[in-house]
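Dear colleague,

Please find below the structure that I am handing over to you. My findings follow directly after it.

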Amino acid sequence: MKNLILFILSIIMLTSCGFTAPAKTDDSKPNVLLVIVDDQGYGDIASLGNSHIQTPNIDQLHSISARFTDYHVSPTCAPTRAALLTGHHSNRTGVWHTVNGRSLILERETTMAQIFKDNGYRTGIFGKWHLGDNYPFRPQDKGFDEVLVHGGGGIEQTMDYWDNDLFDDTYLHNGTLKKYEGYCTDIWFSNAQEFIGGKKEEPFFCYLSTNAAHSPYFVEDKYSDPYKDNENVHHAPFFGMLANIDENLGKMVEYLKSIELMDNTIIIFTTDNGTAQGAKVEGHRLDGFVIKGNNAGMRGIKASKYEGGHRVPLFIHWKDGGINVGKDINELTAHYDVLPTLVELCGLKTKPATKFDGKSLKPLIEGNADGFTDRIVITNSQRVEVPEPWRRTSLMQGKWRLIDGIELYDLSSDPEQRTNIADQYPEKVKAFKTYYDQWWEEISPSYEDQPYIIVGHEAENPSKLYCHDWHTESVSPWHQRHIRQGYKDNGYWQLKIAESGTYHIKLRRWPEETHLALTAEAPIRPAIPGTSVSASKKGKALAIQEAKLNIQGQDLSKKVDPDAEYVEFSIELVKGSANLKTWFVLADQEEIGAYFVNVEKVD
C-alpha cells in the first residue's frame, strides 16, 4: 500500500509539472516546425490575457505547450531573426539594424538550418528572411534547401518585387521569381505543408516566418471586419492579419495530424518583437505607456527599450518528447536559447568550435532552474552604423531591469516601469554596469567584421543591389513609397570582388521588372476590392541628366538617355573589397543615389 501511494504521488507530481514521460521508444529524429510571426506582441493573444482578440488555434497550442512567460527577443525584426537562428547575440552576428547594410548576417555565422542539414534533415524556409538578399547572406547560402521568400524585411520594401501587395504576388522560389495566387500567409503555410509532406520518411526542419502582421496592413475584410468599430481595438486590419495567421496555424496542426507527423514534431511558436499595432501609447512613440489596446500591462511597443518592446510569447510542444501539457515557465530566457535547446532536444551534432551565447531550455522544461536564477540577458536597439554602449539597452536579471545604464526598475512591484529606483540601489546599478562593461568588451571586437556582398561569384552573377543596403548615416530609402517619391539621399554598398576582370554595372531609377525609363513616372497600383488595399500614389518622374559611379578609386560618368531603362558602365575591377557609390545628377544639379544597381562579371 505504501509503495502504491508513492507511485500515485509520483504520477501526480509529474502531471502537475505539466510533462509526461516520452511516449516514443525508438530513436527516430523529431521533426521541427518553427513558426515566428512578425510584429505580434505578448498581448496580442487571447490566452495571454487579451479579451478583444480571437486566437483559438494559438490558444489551443498554448494549452498543450511549455509557455515561457519571461522570454525576450530583440526590439526589432532582423536582429531577432539573427539571434534566433544562430544562438548568438544579434550584435555578434553583425545584425543590429533592419536597413543600411546592418541587416546582413555575417558570412561566418552558422544558422540552425545548416546544423539541421548537416544532421540529415530536410530544411525549408517560407516567408520572411530579412538577413540579406545577396550572396553570401541568402537563405540558400545559409543551409536552406527549399526557399520561398519575399525580398527585404516586408512586402513593399525595396528588395521586394515591385507592386507586391500581399495578394497574388511574385516571390523568390529557390532563387527564381515566380508568381503565386492567393494571400501571402496562405501561400507560406500551404507551401510549407507541401514541403513537410513531400518525404515523410526524412526528418524536416521547417522555418515558417510570416511577414504578417508587419505593415502594410492589407487583409481581406472578412478577417478585419469583426474588429472594426471596437473602441478597445487600436488597429482592426492588424488584428485581421493575426486572425488569418491563427486560421492557418490551425490548418497546419490538422495537416500534421492527418499525415501522422504531429506527435513527433516539435512545434515552436514565437514572435519577433513587441506589438506594432496592438496598442497605442502616449508620450514617446515607442516607449510610452499604453492608453489603448492591450500589451499585457507592459510599457512600450515594438522597438522600445522597455518591456513591451522585447518580451514576447514562446510556446514549445512535442508530444513524443513529453512536452504536451500546458505549463508556465517563469525564468528569464531569450531568443538565442532556442537553437541550443533544439540541439539538445533533437540530439544534433555540432562542430567542435560551436559556441552559443544562449543555453538549452531543456532543464527548465524538466523543472530544473539551476543556472537560470541569476542569469543576465541583454537586449538593445542600436539602429546605427557602429554600435554604441548602452544605446537603447535593457539589462535584465530576474525582475530587475537596468535601462540605458541609468534607469532601474523592479518589475515585481512596478511591472509598467513607471518609477526609476536607481538612486535607491546604487550598489546594484554599479554591479550591473560592471557586468555590462565586461560583456561589451568581450563582444565589441566582432563589430569590426563587415558584411560584404560578394559580386562576380558563380553563386550569384549578376548581383542586384538595392538602396535598402546602402551604408549611410541617414535612413536609407528602404520602402517602395520612398522610391515613388524620389527620396533624395545616397550611400554606398560594401562589396567584395570575387575575381578580377571586366564588370558591367547598370544604374537604375526603377527596378528591372518595371521596364520603366529612367525619367518616367511609375503608374498607380490599383486598389483591391474587398480588402484594405488602397491605390498607391503615382511614382514621381525625375529629370535625370547624368549618371556617375565610384569604385576602387575609379570615377566614371555618362550623360543619360532619358528613354533608357538604365545607364551601363564597363569597368575593370580587382579581386578584393570595394565600396561602390553611385549618383544621378538631376536637371537642377541636385544629386541622388541610384536606387537599383546590377553588377555582373562578363569575362
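In helix α9, the buried residues are Val 338, Leu 339, Pro 340, Thr 341, Leu 342, Val 343, Leu 345 and Cys 346. Buried here means under 20% relative accessible area, exposed means over 50%, and partly exposed lies in between (1.4 Å probe, protein chains only). Helix α9 spans residues 338–346 and is mostly covered, with 8 of its 9 residues buried. Helices (H or I, at least four residues) and strands (E, at least two) are DSSP runs, numbered from the N terminus. Just after α9, Gly 347 takes a positive phi of about 65°.

Please note that this is a predicted model, in which local features need pLDDT of at least 70 and side-chain atom pairs count only at pLDDT 80 or more, while totals for chains, interfaces and linings use all residues. Residues are numbered from 1 along each chain as its sequence is written, and side-chain values use heavy atoms, with hydrogens and water left out.

Most residues other than glycine have a negative phi, and most peptide bonds are trans. His 130, however, has a positive phi near 65°. This residue is found in the loop between β4 (122–127) and β5, and His 130 counts as buried because its relative accessibility is 3%. Gln 552 also has a positive phi, near 50°, and is placed in the loop between β23 (544–551) and β24 (554–559). With a relative accessible area of 30%, Gln 552 is partly exposed.

Two cis peptide bonds may also be noted. The bond from Ala 212 to Ala 213 is cis, with omega near 10°; Ala 213 lies in the loop between β8 (204–209) and α7 (221–224). The bond from Asn 461 to Pro 462 is cis, with omega near 10°; Pro 462 lies in the loop between β19 (453–455) and β20 (463–466).

I turn next to aromatic rings. Rings of Phe, Tyr and Trp (its six-membered ring) pair if their centres lie within 6.5 Å; planes under 30 degrees apart count as stacked, over 60 as edge-to-face and the rest as tilted. By this rule there are 25 aromatic pairs. In one of them, the ring centres of Phe 167 and Tyr 183 are 4.9 Å apart and the planes stand at 50°, so this pair is tilted. The pair links distant parts of the chain, 16 residues apart: Phe 167 is in the loop between β5 (146–149) and β6 (170–173), and Tyr 183 is in the loop between β7 (176–179) and α6 (184–198). Phe 167 is buried, at a relative accessible area of 12%, and Tyr 183 is buried at 4%. One aromatic cluster is formed by Trp 96, Trp 390, Tyr 436, Trp 439, Trp 440 and Tyr 447.

Charges also sit over rings (NZ of Lys or CZ of Arg within 6 Å of the ring centre and within 35 degrees of the ring normal). Arg 122 lies over the face of Phe 195, 5.0 Å from the ring centre, and the charged end of Arg 418 sits over the ring of Phe 289, 3.9 Å from its centre.

Yours sincerely,
A colleague
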